[in-house]
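Have a look at the structure first, then read on.

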Amino acid sequence: MTKFLPGEKMPTIEGYINGHGSYQQNDGLYSSLYGNLVVIDKLMTVQPVIDFRYNPEVGDVIIGRITMIGNKKWKVEMNSKAESTLQLSAINLPGSVQRRKMYSDEMKMREYFDINDILVAEVQKINKSGNISLHTRNEKYKKLTNGLVLEVPAMLVTRYKTQFLKIESIEIIIGVNGFIWIGSDDLNYENMKKILIIANFIKNIANQNKVITDTELLKQY
């Protein structure tokens with residue numbers, strides 16, 4: 001039985017009806033879950049394999065997306081049941097300046113991280129209610145540009161000695177939360193091809209329900 005990742009296009013039959021776990025776009029039917037395609041008569045649904053959302057631990061490296069800017073904090077989507085936030089006081093200012101954050105910094109929050117920006121951060125704290133506090137107080141934690149994010153079930157990602165890999169000119173950051181960043185400082189045609197090849201390789205591993213290891217990625221390339 002073929003498994004599909006969220007956002008992956010699925011084959012269809014004539015006169016199909018999209019059901020639970022699927023959504024229609026102009027060019028076809030897509031899965032909104034990680035699961036198996038089930039067809040009953042002409043009703044096409046996706047049956048989830050497992051709840052693949054991320055269970056955080058302090059120190060985890062994650063990839064996230066800014067969804068809201070609030071009072072001295074950003075809300076971050078990171079594939080977790082709990083709310084995740086990044087406080088203004090928990091970021092590295094441009095140029096790695098170490099000082100107390102001021103009112104002028106609050107006015108520049110959109111310059112640091114805007115809505116829909118992708119970032120790599122670390123889990124700093126998990127409070128009693130389960131809400132997650134992140135930080136980017138390190139040069140390796142930052143806004144990510146010139147690349148793409150691939151989402152896989154968090155159960156297929158493990159914690160390595162480092163979540164940061166380099167394959168030739170391509171940077172790979174394997175978020176423990178199941179979001180994987182693949183990008184390059186030089187986004188030319190050749191590097192774009194490499195990014196897509198690596199993304200397809202990871203996707204194929206996930207489709208087989210196999211754990212994505214840093215060793216396998218480095219060995220493949």
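Predicted model: local features only at pLDDT ≥ 70, side-chain atom pairs only at ≥ 80, totals over all residues.

1. The chain splits into domain 1 (3-48), domain 2 (51-143) and domain 3 (145-220).

2. Start with how domain 2 and domain 3 sit together. Their centres, taken over C-alpha atoms, are 22 Å apart. On the domain 2 side 18 residues take part in the contact, and domain 3 brings 17 residues. About 1400 Å² of area is buried between domain 2 and domain 3, with carbon and sulfur atoms giving 67% of that.

3. There is charge pairing here too: two salt bridges are counted between domain 2 and domain 3.

4. Next, turn to the surface. Leu187, Met192 and Leu196 make up a nonpolar patch there, and together they have about 230 Å² of accessible area. Met192 belongs to helix 3 (residues 189-207). Why does Met192 count as partly exposed? Because its relative accessibility is 31%, and partly exposed covers the range between buried, under 20%, and exposed, over 50%.

5. Finally, find Asn209, in the loop between helix 3 and helix 4 (214-220). Asn209 counts as partly exposed because its relative accessibility is 33%. Beyond its neighbours within four places in sequence, Asn209 is in contact with Lys3, Tyr34, Met155 and Leu156. Between Asn209 and Leu144 there are 27 Å in space, C-alpha to C-alpha, and the two are 65 residues apart in sequence.

Conventions
Residues numbered from 1 in each chain as written. Heavy atoms only, no water. Patch = residues over 30% accessible without salt bridge, like charges linked within 9 Å, V, L, I, M, F, W, Y side chains within 5 Å. Areas by Shrake-Rupley, 256 points an atom, 1.4 Å probe, with all protein chains shown as cover. Salt bridge = Lys/Arg side-chain N within 4 Å of Asp/Glu carboxyl O. Helix = DSSP H or I, 4+ residues; strand = E, 2+ residues; numbered from the N terminus. Buried < 20%, exposed > 50% of the residue type's maximum accessible area, 1.4 Å probe, protein only. Domains from an automatic or database assignment. Contact = heavy atoms within 4.5 Å. Buried area = accessible area lost by both parts, 1.4 Å probe.
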